[in-house]
Amino acid sequence: MNILTVVISALIVAVLSLVSLPLLNNRWLLLYLRPPSSSTDFADLVVTNAVIYTSDLSLPFADSMAIRDGRLILVGNYSSVKELFGDGTEELNLNGKIVVPGFIDSHVHLLFGGLQMAQVELHGVNRKDDIIRKVKEAVVNKPKGSWILGGGWNNDLWGGEFPEASWIDDITLNNPVWISRMDGHMGLANSVALRIAGITHNTEDPKGGTIKRKINGEPSGLLIDSAMKLLLPWIPAVSVDERREALVRASNFALKKGVTTVVDMGRYTPGASTELPWEDFSDVYRWADSSGKMMIRVCLFFPLETWSHLVDLINKTGRALTEWIYLGGVKAFADGSLGSNSALFYEVRITGR
């Protein structure tokens, strides 16, 4: 056996060894055979000693990953990423913690949520006294006549009793209040807000909505579904800057919870204008995308009444508008909700309240 035969045999064995590694795809093989040639090829961050769930059947779990310019460039074991270390590379040792791909929330109202985070935040409140306290705190620094807005309350958390204007009237004598229920199908107005909107005991329920009333026929302060349209137009429009700030605020919150993509149903609730989601599309989402301020991916839905506008846009641009914005579909209201006691049933539903 001459030296040429030995060299050829060794090369064949080496090649077969590399080809037979089942967990190496072509990209990883390229990185293995071609180590970084300049500082720009090194990773900015290498995550090590982790349990990384990849969602890839060829490599369900890994322990390390490399990131450059905010993007994953390699997922594998430590030996496969160590060559991507450079002088400026940061290493994050997770000490066995779990890493999963970003979560997708299939139904949110992203800008609504971002706006409410800067208003009277009532998510998770489980006592009547806490609602009163939060509204009272909001009134302190508000000029006379300015609206107190917020929402997220859920009456089921304090036993099921629906709130009434009388809960907050004494502490909001000079300010109109509107705080919506968590499902967006109901909201509470104080007496000042009811007066501004002209809602009295003589006001008839609009089609598809209900003005909740006390025993004497006077409005209790609760407006359900399309009845909200009697009051919503009286609330000053949210500025473009406020909506843009809401996007940033809500996106940061989502990322903290591991949510990287949302299906956004928009600022469209019963009684709201069908133009609001389109205004947000142009004033907020397109602005954020063009200025590099998008932080999470969004799949946008629009009111059914505007379907032709959406079809025209999809025919022009396709559904994937950019890597951040996807045009999803349309949304309509055909009924109320269980939580607001406005859903239609074939038989009487005993709720205990």
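Is Phe333 buried, exposed or partly exposed? Phe333 has 31% relative accessibility, so it counts as partly exposed (buried is under 20% relative accessible area, exposed over 50%, partly exposed in between, with a 1.4 Å probe and protein chains only).

A quick note before the views. This is a predicted model, where local features need pLDDT of at least 70, side-chain atom pairs count only at pLDDT 80 or more, and totals for chains, interfaces and linings use all residues. Residues are numbered from 1 along each chain as its sequence is written, and side-chain values use heavy atoms, leaving out hydrogens and water.

**View A. Tyr268 and Phe333 form a tilted ring pair.** The ring centres sit 5.3 Å apart and the planes meet at 50°, so the pair is called tilted (rings of Phe, Tyr and Trp, the last by its six-membered ring, pair if their centres lie within 6.5 Å; planes under 30 degrees apart are stacked, over 60 edge-to-face, the rest tilted). Distant parts of the chain are linked here: Tyr268 is in the loop between S15 and H8, while Phe333 is in the segment after strand S17 (325–331), 65 residues apart. Helices (H or I, at least four residues) and strands (E, at least two) are DSSP runs, numbered from the N terminus. Tyr268 is buried, at 6% relative accessible area.

**View B. Tryptophans turn up in a cluster and under a charge.** Trp153, Trp158 and Trp167 make up one aromatic cluster. The whole structure has eight aromatic pairs. Arg297 lies over the face of Trp324, 5.1 Å from the ring centre (the test is NZ of Lys or CZ of Arg within 6 Å of the ring centre and within 35 degrees of the ring normal).

**View C. The largest pocket holds about 1200 Å³ of space.** It has 44 lining residues, and His109, Phe112, Gly113, Gln116 and Arg267 are the closest to its centre. On a 1 Å grid over the protein atoms alone, a pocket is an open set of points with protein on both sides within 12 Å along at least five of seven lines, a cavity is a set where a 1.4 Å probe fits but cannot get out, and lining residues have an atom within 4 Å of a point. Grid points are joined across faces, edges and corners, and a volume is the space filled by probe spheres set on the points. H4 gives the largest share of this pocket's lining, six residues. By class, the lining splits into 22 nonpolar, 14 polar and eight charged residues (Ala, Val, Leu, Ile, Met, Phe, Trp, Tyr, Cys and Pro are nonpolar; Asp, Glu, Lys and Arg charged; the others, Gly among them, polar).

**View D. The largest cavity has a volume of about 70 Å³.** The count is one cavity of 30 Å³ or more. Its lining includes Leu111, Arg267, Tyr285 and Phe302. H8 (276–290) and S16 (297–303) each supply at least two lining residues, with the largest share, four, coming from H8.

**View E. Six strands build an open, mixed sheet.** The order is S9-S10-S11-S12-S14-S13. S9 (120–121) and S13 (209–213) are at the edges with a single partner strand each, so one side of each has no neighbour in the sheet. S11 and S12 (residues 186–189) pair in the antiparallel sense over three bridges (strands pair if DSSP finds at least two bridges between them). Ile179 stands opposite Leu188 in S12.
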